[in-house]
Amino acid sequence: MEYDRVAKLALERGFYFPSCEVYSDSQAGFWEYGPNGVSMKGKFLELWRRELVRRDGMMEIDGSQIMTRSVFEASGHLDSFADPITRCAACGATFRADRMIQEACGATIPESADLAEFDVAIADNGISCSRCGGTLGPAKKFNMMFQVGIGPEGEEAYLRPETCQSIFVDFPRLFKTMRGRLPVGVAQVGKSFRNEISPRQSLLRLREFYQAEIEVFCNPQKLRQVPKFEQVRDTTIRIGGDGDMAETTCAAAVADGALPNEFVAYYIGILAEFYEKTGIDMGRSRFRRLGEKEKAFYAEVAFDFEVETATGWLELVACNYRTDHDLGGHSRHSGEKFEVMDGDTKVLPHVFEISMGIDRSLYTILEHSLNEDDTHDRTVLSIRPYLAPIHVGVLSLVKKDGLREETDTVHRAINRRYDAFLDHSGAIGRRYRRLDEIGCPFAVTVDHQTLEDDTVTLRERDSMGQRRVPLSELDHTISEAIAFP
RNA sequence: GCGGUCAUAGUAUAGCCUGGUCAGUAUGUUGGCCUUCCAAGCCAAUCACCCGGGUUCAAAUCCCGGUGACCGCACCA
């Protein structure tokens with residue numbers, strides 16, 4: 001399905017829409033989830049918890065979004081999550097200073113160098129604006145983190161650019177108090193903030209966005225001793241980039257070196273099994289190993305989980321082997337001890353992270369699930385029942401003859417257990433189609449026969465098929481049909 | 001951030017060039033009538049000129065600035 005069609009559905013049916021839209025000065029890159037979006041997001045996260053957090057026995061935390069300056073000195077974000085830029089005084093075009101110098105005279109200045117070095121290089125080599133030839137202004141750092149001032153003195157802090165820093169700084173306490181043993185996963189769902197230069201395409205590139213991150217702490221000496229790898233030995237994954245993509249299994253990928261070890265392969269395997277259950281078309285997915293230049297500054301080995309969408313290949317998850325970059329950095333900066341005992345040896349754990357973009361994942365589920373059914377002149381969101389924002393519609397065939405009251409009773413009987421939507425108004429076919437469009441898998445219709453024999457019609461979304469179900473079996477029938485796999 | 005295109009009800013659009021009716025239409029939504037299972041019909045109601053400034057007796061319409069959206073470039077874990 002095309003991007004525009006998904007965007008329109010989101011806007012019209014309360015999945016997501018622009019933030020602050022009544023004000024014309026609202027900035028790009030901020031979006032809200034409406035009722036159906038929130039409901040779907042909640043179910044998506046429940047699936048994530050089931051398939052990753054609970055399955056692997058991880059801990060889940062919920063950390064602060066605002067963190068003090070020291071955290072980002074230690075993590076490297078203050079230096080490395082910023083680009084040196086220079087702006088043309090004449091035409092206003094902005095360039096990356098390091099790239100500009102590299103192109104103009106071949107000199108390589110690391111992007112984390114002192115700003116003065118860029119100014120000197122630009123002056124010495126007589127570099128001018130490549131667009132208009134104008135004079136370039138002094139180099140500045142553009143850091144993608146949002147700075148905030150705390151308290152009356154405005155003490156320096158930042159909105160976190162990734163959720164995982166909370167996990168790293170909390171690690172010593174978590175490991176001690178929660179009886180941690182390596183390897184151990186710590187998970188977190190929450191918002192992160194990045195001051196993107198040009199956010200685009202609604203949920204796909206946001207300045208404020210949701211991540212579901214998992215940091216697995218491990219003993220780097222034991223990456224090949226992973227008993228639970230057996231669970232995913234035969235799990236199908238697609239691995240590679242443009243041109244060399246191949247479908248394989250986790251075991252084969254480790255054997256031929258496409259994946260570095262059983263430890264990484266296990267987590268890639270359970271991640272693939274999770275995404276299979278979201279209904280995303282795994283035939284259009286791949287794990288792509290990133291090259292040196294593409295990787296984040298903290299990653300030693302990185303795989304992106306990407307899915308083909310109407311906008312091209314879209315990165316949904318970044319899997320990074322971060323080594324001891326973070327625990328080492330926080331240990332040095334804070335003076336705290338981050339080493340833990342693994343058996344009788346003391347180790348500074350390494351970290352493998354599974355950093356999931358929730359917003360992008362939800363978009364992809366919508367795009368891959370949305371269909372136009374021309375035969376029946378309807379739009380159907382064929383989302384998995386356990387992810388549907390509304391589980392069941394409860395409809396009266398007509399309002400009169402006591403059917404309205406009977407329908408209300410049926411609704412009241414189930415609306416605590418399910419996301420049920422009550423609707424009395426308009427033609428029955430119109431109501432079915434409205435439910436189809438938000439992916440509601442079932443509709444229960446109360447008619448005159450209901451008053452006689454306590455049965456209702458159960459109508460199924462994808463097939464449009466109908467069958468009669470006794471009211472006494474309704475709860476059981478729905479709960480089976482919408483259960484998580 | 002740069003360049004191009006664009007901005008009118010929830011959605012899709014007419015009107016703008018050539019300034020002057022109550023800003024039109026479709027669809028949606030809400031209520032009613034009718035209706036015993038797939039967007040039927042009828043009646044009624046409801047909702048809009050992106051923001052700021054300028055020109056003018058008068059601005060949806062012309063001019064300037066801002067913001068946003070889409071596309072391309074650059075950027076992007």
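Tutor: Let us begin with Arg384 in this predicted model: its relative accessible area is 31%, and therefore Arg384 counts as partly exposed, the class between the cut-offs of 20% and 50%.

Student: Where along the chain does Arg384 sit, and which residues does Arg384 touch beyond its sequence neighbours, those up to four places away?

Tutor: Arg384 belongs to the loop that joins β21 (378-381) to β22 (392-396). Leaving aside residues up to four places away in sequence, Arg384 touches Glu276, Lys277, Thr278 and Gly279. There is also a pairing to note with Gly439, which is 55 residues apart from Arg384 along the chain, while the C-alpha atoms of the two are separated by 8.3 Å.

Student: What does the model show about the backbone of Gly439, and which residues of the helix α13 are buried?

Tutor: Gly439 follows α13 and has a positive phi, near 80°. For the helix, the general idea is that an α-helix has 3.6 residues a turn, so residues three or four places apart point the same way. In α13, which covers residues 428-437, the buried residues are Arg431, Tyr432, Leu435, Asp436 and Glu437.

Student: How should I read the chain as a whole, and how many helices and strands are there in chain A?

Tutor: Chain A holds 15 helices and 26 strands, and its C-alpha trace spans about 90 × 65 × 55 Å along the principal axes. Of its 485 residues, 53% count as buried, and the chain exposes about 22,500 Å², of which carbon and sulfur atoms supply 47%. Among contacts with a separation of 6 or more, 66% are between residues 24 or more positions apart.

Student: Now the spaces: how does one look for them, and what is the volume of the largest pocket?

Tutor: Rolling a probe the size of a water molecule over the atoms shows where empty space is left. Here the largest pocket has a volume of about 1,600 Å³, and its lining is made of 46 residues, with Phe81, Arg194, Glu294, Ala296 and Glu315 lying nearest its centre. Among the elements that give two or more residues to this lining are α5 (97-105), β11 (208-218) and β19 (350-357), while the largest share, seven residues, comes from β16. By class, the lining has 18 nonpolar, eight polar and 20 charged residues.

Student: Why does the largest pocket lie between domain 1 and domain 2?

Tutor: The largest pocket lies between them because domain 1 (3-74 + 152-368) and domain 2 (82-143) both give residues to its lining.

Student: What lines the second largest pocket, and how many cavities of 30 Å³ or more does a search of the whole structure find?

Tutor: The second largest pocket contains about 210 Å³ of space, and its lining includes Leu182, Cys218, Lys222, Phe263 and Asp342; seven of the lining residues are nonpolar, two are polar and three are charged. As for cavities, the search finds one of 30 Å³ or more, and the largest cavity holds about 40 Å³. Its lining consists of Phe15, Tyr16, Tyr33, Gly37, Met40, Leu203, Leu362 and Leu366, with at least two residues each from α2 (35-54) and α11. In the lining of this cavity seven residues are nonpolar, one is polar and none is charged.

Definitions and conventions. Residues numbered from 1 in each chain as written. Chains lettered and ligands numbered in written order. Predicted model: local features only at pLDDT ≥ 70, side-chain atom pairs only at ≥ 80, totals over all residues. Heavy atoms only, no water. 1 Å grid on protein atoms, 1.4 Å probe; cavity = no way out; pocket = protein on both sides within 12 Å on 5 of 7 lines; lining within 4 Å. Points joined across faces, edges and corners; volume = space filled by probe spheres on them. Helix = DSSP H or I, 4+ residues; strand = E, 2+ residues; numbered from the N terminus. Nonpolar A, V, L, I, M, F, W, Y, C, P; charged D, E, K, R; others polar. Domains from an automatic or database assignment. Buried < 20%, exposed > 50% of the residue type's maximum accessible area, 1.4 Å probe, protein only. Contact = heavy atoms within 4.5 Å. Areas by Shrake-Rupley, 256 points an atom, 1.4 Å probe, with all protein chains shown as cover.
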